[in-house]
Amino acid sequence: MEHPIETSALSQAGKAAASLKTTVDGPQTNGETSRWTPSSWTTKPIKQDVVYDDRKAVAKALAKLERSPPIVTPTEICKLKKSLEEVALGKAFLLQGGDCAELFDYCEASMIESKIKLLLQMSLVLAYGGGKRVVRIARMAGQFAKPRSSPTEQHNGKTIHAFRGDNINGYDPDERTPDPSRLVSAYFHSAATSNYIRASLASGIADLHSPLDWELGHVKDSRIKAKYERIIDSITGSLRFMRTVGAVSASSGLETVDLYTSHEGLLLEYEQSLTRRLKTPVTQRKGQVATETDDLPERESTGSDGGKEWYNTSAHFIWIGDRTRALDGAHIEYFRGIANPIGVKVGPSMAPDELVRLLDILNPRLETGKITLITRYGEHKIASLLPAHIRAVQRSPHHGKVIWQCDPMHGNTFSTAQGIKTRNFSSILSELSSALSIHRENDSFLGGVHLELTGEAVTECVGGSEGLKDVDLSTNYTSYCDPRLNEKQALELAFLVAESLRGR
């Protein structure tokens with residue numbers, strides 16, 4: 001039986017967050033904060049905020065989160081940081097994908113497995129075709145909240161809260177009032193999803209000794225299926241040869257892979273509550289360049305072998321959205337103090353000099369691979385915007401330190417004549433192809449791709465080899481937010497990217 005949580009158990013940082021979340025007056029203190037703390041973001045202007053009616057309920061939820069164990073560990077986070085360093089150096093490629101916005105109902109075995117399998121299938125194609133190791137990050141186990149252009153909408157002549165994600169409110173119009181207990185539900189759904197991901201990987205879902213155990217699911221297109229099967233046949237043949245000559249065994253490490261979790265760090269009260277000062281693995285305490293103006297948290301001495309840092313333990317990787325990246329804003333203030341690798345969405349409104357200032361704030365120690373720049377312009381804007389951003393970074397101390405990742409989804413969303421939100425596969429491919437070309441033309445390289453996708457047979461994006469049209473969208477459109485690539489479209493995109501990476 002769970003003991004009731006007293007709000008008095010809430011930390012001072014949590015109390016600052018709880019107070020802020022129940023007022024529309026903004027930050028509770030004036031002036032700038034020079035020294036970072038997990039709650040120093042509460043002194044900054046904030047966008048995309050959620051205001052709750054019940055302060056006591058907020059405090060109770062945050063107290064529960066503060067007492068809960070981490071979902072991920074510093075060892076896992078630092079392992080990802082090392083892999084992302086290789087991506088920044090051009091030795092690996094980053095594949096990041098998953099739902100636009102998870103629902104609590106997605107915390108179900110078959111749906112989790114379908115996403116794992118799709119990401120693994122795509123990474124197999126990219127690794128084989130591109131000739132590089134692939135780092136896999138899922139938009140899973142926490143990607144619940146979504147920013148909105150308006151906090152309210154009209155329903156049956158009444159103004160109601162917009163649906164902001166399962167960790168804030170419900171999709172049903174009667175459940176639109178923000179409910180702080182959903183923050184706790186989000187934690188447990190994230191923890192359960194993360195646990196099942198680990199268990200599935202440990203149980204051999206990605207075992208390359210038997211790749212044909214990976215069910216192809218809804219991939220019926222004979223051309224895509226034949227390409228995938230040829231890759232599987234080639235890998236199977238290589239493994240068979242290696243076993244024959246004694247170069248591979250049952251314990252050779254081919255039974256599993258790494259799959260990390262990520263989400264947009266939108267609800268700072270949730271992120272703060274899962275931010276912990278933890279010991280950094282010894283192997284990770286090297287190669288960081290301190291600056292004279294470094295006002296980040298000091299590393300706490302824990303003996304002769306190193307110290308502690310602040311880790312966001314809700315996910316391995318979190319990112320800042322295009323709507324919340326104000327230089328003097330709460331989100332940048334929070335993100336600048338955590339040791340996790342982080343992403344930043346870079347859109348048309350980002351000025352080149354602003355991008356460099358943002359990097360100065362978020363990565364003053366110039367850690368290679370610390371920052372992933374997730375560009376999202378739209379197929380018709382990328383050619384006029386990306387080159388200037390590349391050159392600005394190249395002229396700065398951050399040259400060679402960042403990962404350039406293309407998000408070809410968000411800048412290519414439109415609504416059909418029937419008012420259905422969708423994306424065209426050809427536009428997605430066009431922006432991605434342009435990103436590859438523009439980087440090459442500017443002595444740079446594209447380090448990764450960021451996609452909204454699902455392993456289900458949805459009909460949300462038009463185009464692709466199956467030729468989905470506007471009239472087909474209603475067949476199986478299940479997203480409560482933005483449209484996602486289905487399995488067939490995602491695999492097709494992986495093949496095309498792999499061919500481009502090889503310069504075909």
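At what angle do H2 and H5 pack, and how far apart are their axes? I found an angle of about 25°, with the axes 8 Å apart. Axes here are lines fitted to C-alpha atoms, for helices over the stretch in contact, and angles run from 0 to 180 degrees between N-to-C directions. H2 and H5 are therefore roughly parallel to each other; angles under 35 degrees count as roughly parallel, over 145 as roughly antiparallel, 65 to 115 as roughly perpendicular and the rest as oblique. Helices are DSSP runs (H or I, at least four residues), numbered from the N terminus.

I noted the conventions next. This is a predicted model, in which local features need pLDDT of at least 70 and side-chain atom pairs count only at pLDDT 80 or more, while totals for chains, interfaces and linings use all residues. Residues are numbered from 1 along each chain as its sequence is written, and side-chain values use heavy atoms, with hydrogens and water left out.

I then listed the contact (heavy atoms within 4.5 Å) of H2 with H5. Ala 61, Leu 62, Lys 64 and Leu 65 of H2 make it with Leu 183, Val 184, Tyr 187 and Phe 188 of H5.

I turned to the loop between H2 (55–67) and H3 (74–88), where Pro 69 is found. Pro 69 is exposed, at a relative accessible area of 53%; exposed means over 50%, buried under 20% and partly exposed in between, with a 1.4 Å probe and protein chains only. Not counting residues up to four places away in sequence, Pro 69 touches Tyr 187 and Arg 276. I also recorded that Pro 69 and Thr 313, 244 residues apart in sequence, are 8.7 Å apart in space, C-alpha to C-alpha.

For H4 (residues 109–130) and H5 (residues 181–202), I found an angle of about 60° and axes 10 Å apart. That makes H4 oblique to H5. In H4, Ala 109, Ile 112, Glu 113, Ile 116 and Leu 120 meet Thr 193, Tyr 196, Ile 197, Ser 200 and Leu 201 in H5.

Last, I looked up the nonpolar cores, sets of buried Ala, Val, Leu, Ile, Met, Phe, Trp, Tyr and Cys residues joined through side-chain atoms within 4.5 Å. The largest has 101 residues, and those with the most contacts inside it include Met 122, Leu 201 and Leu 362. H4 gives the most to this core, with nine residues. Another core, of 13 residues, lies apart from it and has Leu 84 and Ile 403 among them.

Terms used:
Helix = DSSP H or I, 4+ residues; strand = E, 2+ residues; numbered from the N terminus.
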